[in-house]
Amino acid sequence: MDQPTPRPEPPGPEAQPVVCARCGARSPDGAPPTWTCSMENGGRHYFCDDCARANLRAIEGRLDSAWW
């Protein structure tokens, strides 16, 4: 695709807290590498492990056929 893959911010004092867009779980040291990042309406939305697993079919359903 045309956009680079977003990389999570490194942990440390400069990392911003990240909140799951679905359940509100907080990760104070930036997005863990296991969280899912979704670009929606021009903004990044992060989903924790549990929410990503629970909604995997819906997430995959939005992918273009080129990703299958």
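Guide: What follows is a set of questions about labels, each answered from a value and a cut-off. Keep in mind that the model is predicted.

Visitor: What pattern does the protein chain follow along the sequence?

Guide: The pattern is β-β-β-β-α-α, that is, 4 strands and 2 helices. Of the 68 residues of the protein chain, 19% count as buried. The chain exposes about 5500 Å², and carbon and sulfur atoms supply 51% of that area.

Visitor: Why is Tyr46 called buried?

Guide: Buried means under 20% relative accessible area. Tyr46 has 18%, so Tyr46 counts as buried. Tyr46 is found in strand S4. Leaving aside residues up to four places away in sequence, Tyr46 touches Val18, Val19, Cys20, Ala21, Ala31, Trp35, Thr36 and Cys37.

Visitor: What makes the pair Ser38 and Glu40 a polar contact?

Guide: The cut-off for the N or O atoms is 3.5 Å. The side chains of Ser38 and Glu40 are joined at 2.9 Å, so the pair is within that limit. Beyond residues up to four places away in sequence, Ser38 touches Gly43, Arg44, His45, Phe47 and Arg62.

Visitor: Is Ser27 buried or exposed, and why?

Guide: Ser27 is at 10% relative accessibility, so Ser27 counts as buried. Ser27 lies in strand S2, residues 26-27. A polar atom of the Ser27 side chain lies 2.7 Å from the backbone oxygen of Gly30.

Visitor: Why does Asn41 count as exposed?

Guide: Exposed means over 50%. Asn41 is at 88% relative accessibility, so Asn41 counts as exposed. Asn41 lies in the loop between S3 and strand S4 (43-47). Although Asn41 is not a glycine, its phi is positive, about 50 degrees.

Visitor: How many disulfides are there, and how do you know?

Guide: The count comes to 0 disulfides. Take Cys48: the nearest cysteine sulfur, that of Cys51, is 3.7 Å away. A disulfide needs sulfur atoms within 2.5 Å, so Cys48 is in no disulfide.

Visitor: Where do Cys48 and Cys51 belong, if not in a disulfide?

Guide: Both are in the largest nonpolar core, which has 8 residues in all: Val18, Cys20, Ala31, Trp35, Tyr46, Phe47, Cys48 and Cys51. Cys48 is at 7% relative accessibility, so Cys48 counts as buried. Cys51, leaving aside its neighbours within four places in sequence, is in contact with Cys20, Arg22 and Cys23. Another cysteine, Cys37, is at 30% relative accessibility, so Cys37 counts as partly exposed.

Visitor: What makes Asp50 and Arg53 a salt bridge?

Guide: The limit between the side-chain nitrogen and the carboxyl oxygen is 4 Å. The closest N and O atoms of Asp50 and Arg53 are 3.6 Å apart, so the pair forms a salt bridge. The structure holds 1 salt bridge. Asp50 and Arg53 both lie in helix H1, residues 49-54, and are 3 residues apart, about one turn of the helix.

Visitor: Are these two partners, Asp50 and Arg53, buried or exposed?

Guide: Asp50 has a relative accessible area of 55%, so Asp50 is exposed. Arg53 is at 60% relative accessibility and therefore counts as exposed.

How values were computed:
Residues are numbered from 1 along each chain as its sequence is written. This is a predicted model: local features need pLDDT of at least 70, side-chain atom pairs count only at pLDDT 80 or more; totals for chains, interfaces and linings use all residues. Side-chain values use heavy atoms; hydrogens and water are left out. Buried means under 20% relative accessible area, exposed over 50%, partly exposed in between (1.4 Å probe, protein chains only). A polar contact is a pair of N or O atoms within 3.5 Å; within protein, one must be able to donate a hydrogen and the other to accept it, and residues adjacent in sequence count only if both atoms are side-chain atoms. Contact means heavy atoms within 4.5 Å. Accessible areas come from the Shrake-Rupley method with a 1.4 Å probe; for residues, only the protein chains shown count as cover. A nonpolar core is a set of buried Ala, Val, Leu, Ile, Met, Phe, Trp, Tyr and Cys residues joined through side-chain atoms within 4.5 Å.
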